[in-house]
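Subject: Structure handover

Hello,

Here is the structure I promised to pass on. Please open it alongside this note.

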Amino acid sequence: MKILKIVYNIKIIGLCLLWLCSLTSRAQDSALTESVDSAPVVIYGEVKSKVPVDSLEITFWDHYIDKQNRMPKPWKEFVHTESGNLFNGGFGSKTFSFTSEPVNDVSYLSIGLGQYFFMDRFQVDPGDSVRILIDLHRGMMLFDGPSAEKFRCQYELELAKSNHTYKNPPLMNTGDREKFLNSKDYRERYKKAVSESSSIKKHLQFIDSSESALAYIVNVLDENDKCHAGWRVINSFRGILSDDFIARMVVELEGYLHLQKISAFKRYYNHTDKFDSIYHERLATLHRLEMEETVQLSSISYMDYLFEHSIMRSIVEETPITTIYEEFPQETKELLIGKYLSNYYRTFDNITEVFTKSLSEVKTPWVHEELQKLFNSQQEGKLFLDVSLSSLENNETRLSAYKDKVVMLDFWFTGCQACILFYQDHLSKVEEHFKDNDDVLIVSISADKSFEQWQKSVASGKYTSQDVINLNTGGFKHELLLYYNIHAYPTQMLLDRAGNVAKVGNFPSTAEGLIELIQEELQNDPKSKSR
C-alpha cells in the first residue's frame, strides 16, 4: 500500500510539474513576442466551412486614430485560400497565411469575410505568430502557436462583451410611440411580445420621452462594472500572459465599460437640469486609470472613452475642448486632437486656422502626418480632385467639365433617411431657386454600389431630381470618397467657378442659408482664386 501511495504521489507531483512547465512555457512564449524591437506579425489559418471560402480580408493598422474616418488608412489585403491536405494538417479545410510588414509597437489586426468579422482590431505585438482555426461548422475559433494565448484572451473578452450586450432588451427610439404602434400590425405583435416576455424572452423597450431616456440612462449607469464577465476572462490569463499585456486588457475593458455609459448619456442628452444633474453626479467623476500612458494609448476603447467624455464635458460644462485637452499628457492630448479634427472638421468655420494651430502643437510624427494629409485634402482654395464618375447613361463623366460654374455637390446613398430629409427640406428648394441660373450647377453624387438601384432611387425623386447632374461612384471605396474622407451622409461641398474647393463643411442648416452661400460665391471673382 505504501508503494502504491508513493507511486500515486509521484504521479501527482509529476503532473503538477508538467502543468507548471506548461504555464511557464506559455508565459515565456508571450513574453518573447513582446520583447522584440521590430518584427512582422505572422498568421497561419484554416477555415472549415460547408460553403467554400475563397478569400479573407485582412486589415492591419500599425497606428490608430479613428475607425469611422479611416485614420490612418489601414493596410488591407484579400488573402486567397488554398485547399488543405493530409500532410499539412488542413485536410477538409481552406488554408491561408499572412505576414505583415515589420512593426515596432502595438498594432491592430482584423480578419473578416465580406461584412462579417471573425476578429476586429485585436492587439498584436512585433514578432507575434499564431495559427488560427475559423470553424464555421461549429461557430468557433481556436488558436495555437507562440501567441495563441493573446488571441484567445481577446477572443474570449469579445465574447464576454457580446454576451453582456445580448442580455439587454432591444430598444426603439421614437418620438411618437403610439403612431409607430398604430402602423401595420405592430400593436398586436407588441402586445404578444409583452405577454410572452420572460427571463429568457425579451420584449421591445421604447425610448419616446425625456423620462424614458433618463430611466434608461440611470439603468445603464447603475450596472456594476466589477461584475462584468470580462474580468473573469482577464483574471484567468494572469500568470499566463505578461503583466504588460494584462494591463492593456484591463485598460481595454475599463475603456469599453466607461464608453457604454458615456455613449448612452450622449445619445439622449438634452440641456435640462435633470440631465445635467446626472452628468455631474455620475459621469463627471468617472475615473481615469492610473497606468502608464503607453498602456492607455494602446487601447482603442479607452481612447474612444476619453474622447467622448471630453466632448460631453465640453458641452455640459461649456468648456472649450482645447482647454480640456491641456489636462492630458502630451501624446494622449495629440491623439485626442487627431480624433477631434477627423470627426468634427466639417463643422469648423475657420478650418484653415484650426488645422494650422493644431499642426503646430502636434509633435508625434505619425499623428502630424495624418492630420497634414487630412488638411491637404480639405483645404479650401485647392483644385477639386479630377476623377471619373458614372452618369445615368453609364458614361464616364468628370467634374472638371463643369468649370466656370459654381457647383454644389451633395453625396448620398440609397436607404439614408437623413439624405432624403436633406434633399426634400433643403436642396430641392435650392434647386428650384437656381433653376434658371446657368452659372449654378447642382451635382448629386450617389455612393450606391448597384447601378440599377441608383437609377431607381434617382427616378423615385426622394434623394435627388432628374433635373440636376446625377453621378455615381459605384460604391463607398471610390477614390473621391476616400480622398475627401467622406464616410458620413449626406455630405456637401461647394466648388467655385475655377474648379477649386470653396467650402467643405459647416454648411448652413436652412435652404435660405444655402441659397445665400451660393449667391455669395457667385459674386466672387474667379480670377482672384488660385487654380
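This is a predicted model: local features need pLDDT of at least 70, side-chain atom pairs count only at pLDDT 80 or more; totals for chains, interfaces and linings use all residues.

Residues are numbered from 1 along each chain as its sequence is written, and side-chain values use heavy atoms, without hydrogens or water.

**Salt bridges**

The whole structure has 30 salt bridges (a side-chain nitrogen of Lys or Arg within 4 Å of a carboxyl oxygen of Asp or Glu). One of them joins R248 and D125, with the closest N and O atoms 3.1 Å apart. R248 sits in helix α7 and D125 in the loop between β7 (116-124) and β8 (129-135), 123 residues apart. (Helices, H or I of at least four residues, and strands, E of at least two, are DSSP runs numbered from the N terminus.) R248 is buried at 3% relative accessibility. D125 is buried too, at 4%. (Buried means under 20% relative accessible area, exposed over 50%, partly exposed in between, with a 1.4 Å probe and protein chains only.)

R248 also meets D244 in a salt bridge, at 3.1 Å, N to O. D244 is partly exposed, at 37%. Salt bridges with shared partners link D125, D128, K150, D244 and R248 into one network.

**Helix α5**

Helix α5 covers residues 210-222. Its buried residues include L214, Y216 and I217. The buried residues of α5 pack against β10 (171-173), β11 (205-207), α7 (243-268) and α8 (273-283) (contact means heavy atoms within 4.5 Å).

Best wishes

Definitions and conventions: The expected span of a helix is 1.5 Å times one less than its number of residues.
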